Amino acid sequence: MSAVMNNPAARLLNILEEGKQKNASQKCRTVWCQLLGIDVTDKITFLGKLGKVLALSAEVVDELKKIDGINVERYMNWCQPVEKAFSDSTFDSQWITFSQHLNEHVFNYLTMTSDFLSLRSPQPILPKSDVEKIAEDAKELILEITEANLPDNIKSYMLSQLKKVLVAADDYKITGSKEVVQIVEETFGHAILKNDLVKPVETNPVAKKFWTFMANAAVVTTIATGVLQLAPAVEKLFPDIPFTQDAVVEVIKIADRVDVDKIA
């Protein structure tokens with residue numbers, strides 16, 4: 001399996017390989033819920049996650065097009081049988097209607113594509129334990145912020161970003177690390193543009209904890225790609241927030257003041 005590779009072809013390959021081992025007589029909906037960790041009664045989440053699985057083929061094409069001098073079609077021979085697997089099956093049909101299309105050629109071609117993208121267009125790899133830690137900390141922080149004495153607009157924004165982090169962590173098997181990275185970057189970008197998001201850090205320990213959580217997430221999501229690079233404007237906004245790999249261990253306690261050298 002290609003579990004150590006983080007690219008859309010590898011993620012689709014892992015899901016399909018796991019699916020190939022499932023009981024062929026089960027309903028397709030049941031198997032997809034097992035593969036994606038969904039409660040079979042949660043129809044909204046089911047459709048949302050399955051849609052992200054369907055989007056992986058387009059993501060593979062997008063990644064291949066970024067690489068100069070290759071024939072994209074050469075790496076997409078797996079796509080037609082996978083598309084037929086989806087078109088020939090329904091949610092209530094037996095899994096065999098889907099899995100019968102997943103033959104050796106599909107896996108061989110998809111493995112070749114995954115290996116190629118891993119070599120030519122690598123993406124950050126986050127260990128599952130790190131993703132789970134980010135989600136766990138986000139859940140705890142949501143409870144604290146809900147009860148915190150913060151302006152409604154600030155509270156709403158922080159809760160929204162944390163819930164996005166939870167969704168991204170929950171979908172990591174499908175989407176990889178990019179969504180977590182995008183949310184962290186988006187959050188700090190808003191901090192630069194909207195000063196009112198930052199001011200509560202000066203007086204509210206829960207607000208400081210939110211930004212420390214985001215700093216930790218920023219460090220964790222960039223370890224795989226090398227040195228953490230932050231705009232000077234971000235470091236200036238948060239002089240007491242530790243933007244170093246030492247901060248990964250845990251979110252600092254609410255009342256603590258941490259003095260660490262920042263990465264230039």
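Helices here are DSSP runs of H or I with at least four residues, numbered from the N terminus. The model is predicted: local features need pLDDT of at least 70, side-chain atom pairs count only at pLDDT 80 or more, and totals for chains, interfaces and linings use all residues. Residues are numbered from 1 along each chain as its sequence is written, and side-chain values use heavy atoms, with hydrogens and water left out.

**Stop 1: Ser99**

Select Ser99, which lies in helix α6. Its relative accessibility is 6%, so Ser99 counts as buried (under 20% relative accessible area, with exposed over 50% and partly exposed in between; 1.4 Å probe, protein chains only).

**Stop 2: helix α2**

Move to α2, residues 28-36. Seven of its nine residues are buried, so this helix is largely enclosed by the rest of the structure. Colour the buried ones: Cys28, Arg29, Val31, Trp32, Cys33, Leu35 and Leu36. Then show what covers them, including α1 (8-20), α3 (43-54), α5 (79-88), α6 (96-99) and α10 (172-175). Just after α2, pick Gly37, which has a positive phi of about 65 degrees.

**Stop 3: helix α9**

Select residues 152-170, the 19 residues of α9. From first C-alpha to last, α9 reaches 27 Å, close to the 27 Å expected at 1.5 Å a residue (1.5 Å times one less than the number of residues). Its buried residues include Ile154, Tyr157, Met158, Leu162 and Val165.

**Stop 4: α9 against α11**

The axes of α9 and α11 come within 8 Å and cross at roughly 165 degrees (axes are lines fitted to C-alpha atoms over the stretch in contact, and angles run from 0 to 180 degrees between N-to-C directions). The two helices are therefore roughly antiparallel, a term for angles over 145 degrees. Which residues meet between α9 and α11? On the α9 side, Tyr157, Gln161, Lys164, Val165, Ala168 and Ala169 meet Glu179, Val180, Ile183, Glu186, Thr187 and His190 of α11 (contact means heavy atoms within 4.5 Å).

**Stop 5: the cores**

Nonpolar side chains tend to be buried together in soluble globular proteins. A nonpolar core is a set of buried Ala, Val, Leu, Ile, Met, Phe, Trp, Tyr and Cys residues joined through side-chain atoms within 4.5 Å. In the largest one, of 36 residues, select Ile145, Met158, Leu162, Phe210, Trp211, Phe213 and Met214, which touch the most other members. The most come from α12, with nine. Finish at a second, separate core of 34 residues, where Leu13, Cys28, Tyr75 and Met76 are among the members.

Conventions
Angles under 35 degrees count as roughly parallel, over 145 as roughly antiparallel, 65 to 115 as roughly perpendicular and the rest as oblique.
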